[in-house]
Amino acid sequence: MPVPAIRVPDSTAGAQLIEVFSSIQGEGTLLGRRQIFVRFAGCNLHCHYCDTPYAPREECRVEEIPGSGDFTLWKNPVQLKRILAYTRSLLETDSSGRHTHHSFALTGGEPLQQVEILCEWLPGLRELLPVQLETNGTLPDALARVLPWLDWVVMDIKLESQTMAPTAWEVHREFLRLALQTRCCVKLVAGESTPDAELHAAGALMAEVALPYLANFDVVLQPRTINGGCSVSAQTLLRQQDILAGYDLDVRVIPQTHCFMHLL
């Protein structure tokens, strides 16, 4: 199946990226889907549990053959035309004329820190594949600017017990109101010691904002990963799910499956 030509903006502005690769989504509601991951550098938060290096660097790494573990280096900042060429090369090698790749996953770091770049890139990206944005849910003004080109928003509610920083409840509330204009998933990373009060607060927030949009809304409770495995006991996970479900929410418990599949 031919891959359509893309209208590339005249701008030569580039993005600060960490890595680009094709893999299987290991988290959230698109779990198991094949995506092209574009990891943006930089973040406005410093979560205690973060396992992703996001500091800007001179080069980003690119796995040109999926699953090979072999990387080439691209000079930062990376221009859109290079991402489009990479994507086209992957789509053109999909077998039997059927595209293996489901969507883009724009992740980080925090992609919305580079909102000016996203405004230029998203129309071209979306002509090739639908787009999922993975975000910490704290930059609502930036989200509002890019919503017309997003198909899914996966936002965190950052719990203080895990990040070691106060939860931005009001900012998350405003972000969620906007994100519900498209397909939205809220992800809560919880640990063995996460207080029930935090989960009640998160459940109440989601119930207040999202209940009218339940057909377009998902909740994922993600047990914190430590040393490549789930760090939360079965008894605790069941109790935590009970608390959130008590707010009439459909709650799925999904760990970071890519860790034990040894995927990027």
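This is a predicted model: local features need pLDDT of at least 70, side-chain atom pairs count only at pLDDT 80 or more; totals for chains, interfaces and linings use all residues.
Trainee: How do the axes of α1 and α2 cross, and within what distance do they come?

Mentor: Helix α1 spans residues 80-92 and helix α2 residues 115-128; their axes come within 11 Å and cross at roughly 10°. Because angles under 35 degrees count as roughly parallel, α1 is roughly parallel to α2.

Trainee: Which residues make the contact?

Mentor: From α1 the contributors are Leu 80, Ile 83, Leu 84, Thr 87, Arg 88 and Leu 91. From α2 they are Glu 120, Trp 121, Gly 124, Leu 125 and Leu 128.

Trainee: And how many of them are nonpolar, polar or charged?

Mentor: Seven are nonpolar, two are polar and two are charged.

Trainee: What is Trp 121 in contact with, leaving aside neighbours within four places in sequence?

Mentor: Trp 121 is in contact with Ala 13, Ala 15, Leu 17, Phe 40, Val 78, Gln 79, Leu 80 and Ile 83.

Trainee: Turning to the rings, how many aromatic pairs are there?

Mentor: The count comes to three. One of them joins Phe 21 and Phe 37, which are stacked, with 4.9 Å centre to centre and 10° between the planes. This pair links distant parts of the chain: Phe 21 is in strand β2 (residues 17-24) and Phe 37 in strand β3 (residues 34-40), 16 residues apart. Phe 21 and Phe 37 are buried.

Trainee: Why is the pair of Trp 74 and Tyr 86 edge-to-face?

Mentor: The planes of Trp 74 and Tyr 86 lie at 85°, with the ring centres 6.1 Å apart, so the pair is edge-to-face; the angle required is over 60 degrees. Trp 74 belongs to strand β5 (residues 72-75) and Tyr 86 to helix α1, 12 residues apart. Both Trp 74 and Tyr 86 are buried.

Trainee: Next, Thr 135: where does that residue lie, and is it buried or exposed?

Mentor: Thr 135 lies in strand β8, residues 131-135. With a relative accessible area of 6%, Thr 135 is buried.

Trainee: What does the side chain of Thr 135 reach?

Mentor: The side chain of Thr 135 reaches the backbone nitrogen of Gly 137 at 3.1 Å. Beyond neighbours within four places in sequence, Thr 135 is in contact with Glu 110, Leu 112, Val 153, Val 154, Met 155, Asp 156 and Phe 175.

Conventions
Residues are numbered from 1 along each chain as its sequence is written. Side-chain values use heavy atoms; hydrogens and water are left out. Axes are lines fitted to C-alpha atoms, for helices over the stretch in contact, and angles run from 0 to 180 degrees between N-to-C directions. Helices (H or I, at least four residues) and strands (E, at least two) are DSSP runs, numbered from the N terminus. Angles under 35 degrees count as roughly parallel, over 145 as roughly antiparallel, 65 to 115 as roughly perpendicular and the rest as oblique. Contact means heavy atoms within 4.5 Å. Ala, Val, Leu, Ile, Met, Phe, Trp, Tyr, Cys and Pro count as nonpolar, Asp, Glu, Lys and Arg as charged, and the others, Gly among them, as polar. Buried means under 20% relative accessible area, exposed over 50%, partly exposed in between (1.4 Å probe, protein chains only). A polar contact is a pair of N or O atoms within 3.5 Å; within protein, one must be able to donate a hydrogen and the other to accept it, and residues adjacent in sequence count only if both atoms are side-chain atoms. Rings of Phe, Tyr and Trp (its six-membered ring) pair if their centres lie within 6.5 Å; planes under 30 degrees apart count as stacked, over 60 as edge-to-face and the rest as tilted.
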